[in-house]
Amino acid sequence: MTCWSMDLHHHSIPMRLTPRTVFLPLELEDHPLDEGRRLRVVVVGAGISGITSAVFLPAKVPNIDLTIYERNSDVVSVRCDVPAHAYQATFEPSTTWSTAYASGAEIKAYWKGIVEKHELGKYIRLHSKVTKAEWSEEKGKWLIAVETEDGNHVDEADFLITGIGHFSDPRLPSYPGMDDNGASGLPILPPLQKAAARIDHYARNKTWVAAAIGGEHLEQFTITKLMSTRLGDRVDLLNEIIPDFAPNCRRLTPGPGYLEALAANNVNYVTNRIERFTRTGIQTKDGTHREVDAIICATGHDINFSTAFPIVAKGINLQEAWRPGGSPGFPDSYLSIAAPDFPNFLILLGPNATGPAGTLCHSVENQVTYCARVLRKASTQGIRSMAPTAAATRDFRAYCESFFLRTVMSEYCSSWHNGGIKGGRIHGIWPGSAAHVNAVRREPRWEDWEYTYLNRQGNRFAWLGNGWTMKDVAASDPAEAANVDLTPWLRAEALGGNVDLRDYHEQWYAS
Ligand SMILES: Cc1cc2nc3c(=O)[nH]c(=O)nc-3n(C[C@H](O)[C@H](O)[C@H](O)COP(=O)(O)OP(=O)(O)OC[C@H]3O[C@@H](n4cnc5c(N)ncnc54)[C@H](O)[C@@H]3O)c2cc1C
C-alpha cells in the first residue's frame, strides 16, 4: 500500500522539475477535477418537455443556470387521447385519476401541481416567445432573441434546448381546402355531438379507429369488426372511413366515443371535397351548400419536425434546412437529440424521438436525462462546444431508412410519421420499440461527438485540474471533514456477501 500526501493549501502549483515530455508543457488549471463551470441553459417551451427539464436538470446538473421561455400565458397545453396514467410523470405517479381517459382539465391540473410542488416557477418565463436563436462561434454561446410583453431582448446561453413539441403550431388549411380527419378531429366530435343540433363532419382522409389503447388487436380483420360494432346501425359508414392502407401506417387512434358519435342522427359525415367557405356555411365540390353557425378547424399541425423560428449555426438555418425544399430537406437529427454543425444544441421530442408505443412522458424523462449527461460532461470536462459528427448522423439515417422499409409505416398513407407525404421518409417516430430507444439513450456514445475545449492550449485533459476532487478539498477542511464520505463505494451488505456484482460501481443493465 502506498501512503501519500499533498499540500492542499498550495494554490499555485510550483514547477519543481522540467517536464519530461517532448510535448509543450501544459499550464495546469488550478481547480479540483469536478468543480464544473456554471452553465447557462435555455429551454424553449414549457409543455411536458419543458416541465420535465425544469424538474430534472437542476437536480442532475450542478451549477446550472436554467431559464425556460414559454410564449403562452400558462404552462402545458394538454393534447392527450391515451389513458391518463400513461400521460403522467414517472416520478409523480397519480392513483386518483377520476377516469381512465381523464379530461384535459384534470391532466393540466396534474401537471400544474408538479410545477407548484417542485417550485418550478422560478425557471419559467411566460409570455416569452423565442423568435430566433443564433450560435456565436466567437462567444461560444447561443444568442436567443425573445419577444415579451415588456419588449424584446437577446439572451445568451451556453446550451439551447428546444422543447417546442411535435405539434404546437396549428396548420390552418389554405382556402379552399379545409378538411382532414386525424387525431385532432377525433376527440372533438364526441362532446360536440352531444351539444350541437346538427354537425357536418368534413373528412378527407380515411382512418383506422382502434378500441381503447392497450386493448387493441392489430389485425385488420379484428379492428374492422370492432369498428363495425361501434357504428351500430350505421355500418354503411364503414366504406367511408376504412382506409386502403394497413392499420398502423398512420397512428391508430383510440377515439373514445368517436364512432358512436359519428353514427348519431345529428351527425352528417361528408367526404365530398370542400369547394369554398361562404358567409353562412360551406359549399362542397358537388355544389351542395350547408349552412352552419360555426366552423371548427381540426386540421392538424405543422408536422415537419422543423422549428417555427430560425435556429442558425455555421451559416445553416435549421428551420429551412429541415423542411421540404431545404438541404437536406428533412429533419436529419443525430439519434433525435442533436444535429451536426449545431454546437451545444439539444432537442426534446424532435424527429424520430419516441417509439410507436410506450409512454411519452417516460420517453421525455429519458431524453432530459441524456441532456443532463451532456450538460454535466460539458460543465466538468472543460468543453466549450460539442456537436454530433456528420458521419454518425449519416449512419443513423441509413439505419432509419432501412428499418422503416420493413414496416407498415412505409405504405402509401399520409401521416405525421412521414410529414404528410404519402410513402415519404419516416421522421416522426424512433426506428424501434419504446424499450429499444430507451436502451439506446441510456449510454451516450461520446465517440460520435466532436468537441472544442475552453483550455487555452486546447488540451482535452486540462479539466483534470490540480489533481484533487471537490471531496478531497472538503475533507482537508477540519470543519467539513466529518461530513465527507470518501469511500461511498463501501456497502454494508458486502459484509454478508449479499451484493449484486452487476451493480457494483455502475448501473449498466437497468433501462
Ligand atoms: C390532437 C393531439 C393528440 C395528442 N395525443 C397524444 C397522446 O394521446 N399521447 C401523447 O403522448 N401525445 C399526444 N400528442 C402529442 C403531444 O404533442 C405531446 O404529448 C406533448 O404535448 C408533447 O409535449 P411537449 O412539451 O414536447 O410539447 P407541447 O406540449 O407542444 O409544448 C410545447 C410548448 O412550447 C411552446 N413554444 C413553441 N414555440 C415556442 C417559441 N418559439 N417560444 C416560446 N415557446 C414556444 C408552446 O407554446 C408549448 O407550450 C397529441 C397531440 C395532438 C395535437
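Select His127 to begin: this residue is partly exposed, because 14 other C-beta atoms lie within 10 Å. On this scale a residue is buried if 20 or more other C-beta atoms lie within 10 Å of its own, exposed if 12 or fewer, and partly exposed in between, with C-beta atoms placed from the backbone. His127 sits in the loop between β3 (124-125) and β4. Helices (H or I, at least four residues) and strands (E, at least two) are DSSP runs, numbered from the N terminus. Check the backbone of His127 too: phi is positive, about 50°, although the residue is not a glycine. Most residues other than glycine have a negative phi, and most peptide bonds are trans.

A word on what you are looking at: this is a predicted model, in which local features need pLDDT of at least 70 and side-chain atom pairs count only at pLDDT 80 or more, while totals for chains, interfaces and linings use all residues. Residues are numbered from 1 along each chain as its sequence is written.

**The whole chain**

Now zoom out. The protein chain has 11 helices and 17 strands, and its C-alpha trace spans about 95 × 60 × 45 Å along the principal axes. Of its 511 residues, 33% count as buried. Among contacts in the chain with a separation of 6 or more, 69% are between residues 24 or more positions apart. Two residues are in contact if their C-beta atoms, placed from the backbone, lie within 7 Å.

**Around the ligand**

Next, select the ligand and the shell around it. Which residues come nearest to the ligand? Of the 33 residues around it, they are Gly45, Gly47, Arg79, Gly165 and Leu360. A residue counts as near if its C-beta atom, placed from the backbone, lies within 6 Å of the molecule. The elements giving two or more residues to this shell are α1 (48-60) and β4 (128-136). The largest share, 3 residues, comes from α1.

**Two helix pairs**

Angles under 35 degrees count as roughly parallel, over 145 as roughly antiparallel, 65 to 115 as roughly perpendicular and the rest as oblique. The axes are lines fitted to C-alpha atoms, for helices over the stretch in contact, and angles run from 0 to 180 degrees between N-to-C directions.

α1 passes α2 in a left-handed crossing. A crossing is left-handed if the near helix is turned anticlockwise from the far one by less than a right angle, and right-handed if clockwise. Show the side chains of Ile48, Ile51 and Val55 on α1, then Trp111, Ile114 and Val115 on α2, for these make the contact. By class, this contact has 6 nonpolar, no polar and no charged residues.

Now select helix α8 (residues 360-380) together with α10 (434-442). What angle do α8 and α10 pack at? The angle is about 15°, with the axes 10 Å apart, so α8 is roughly parallel to α10. The crossing of α8 past α10 is left-handed. On the α8 side, pick out Ser363, Asn366, Gln367 and Tyr370; on the α10 side, Ala434, Val437, Asn438 and Arg441. This contact divides into 3 nonpolar, 4 polar and 1 charged.

**Loops to visit**

Go to the loop between α7 (318-321) and β15 (345-347), where Pro328 is found. A cis peptide bond joins Ser327 and Pro328, with omega about 15°. Leu335 is found in the loop between α7 and β15 as well. Phi of Leu335 is near 50°, a positive value in a residue other than glycine. Is Leu335 buried or exposed? Leu335 is buried, because 23 other C-beta atoms lie within 10 Å.

Move on to Glu411, in the loop between α9 (390-405) and α10. Glu411 is partly exposed, with 17 other C-beta atoms within 10 Å. Leaving aside neighbours within four places in sequence, Glu411 is in contact with Phe245, Ala246 and Cys249.

Finish at Arg251, in the loop between α5 (238-241) and α6 (258-262). Arg251 counts as partly exposed, having 19 C-beta neighbours inside 10 Å. Draw a distance from its C-alpha atom to that of Ala210, 41 residues away along the chain, and the separation is 9.7 Å.

How values were computed. Ala, Val, Leu, Ile, Met, Phe, Trp, Tyr, Cys and Pro count as nonpolar, Asp, Glu, Lys and Arg as charged, and the others, Gly among them, as polar.
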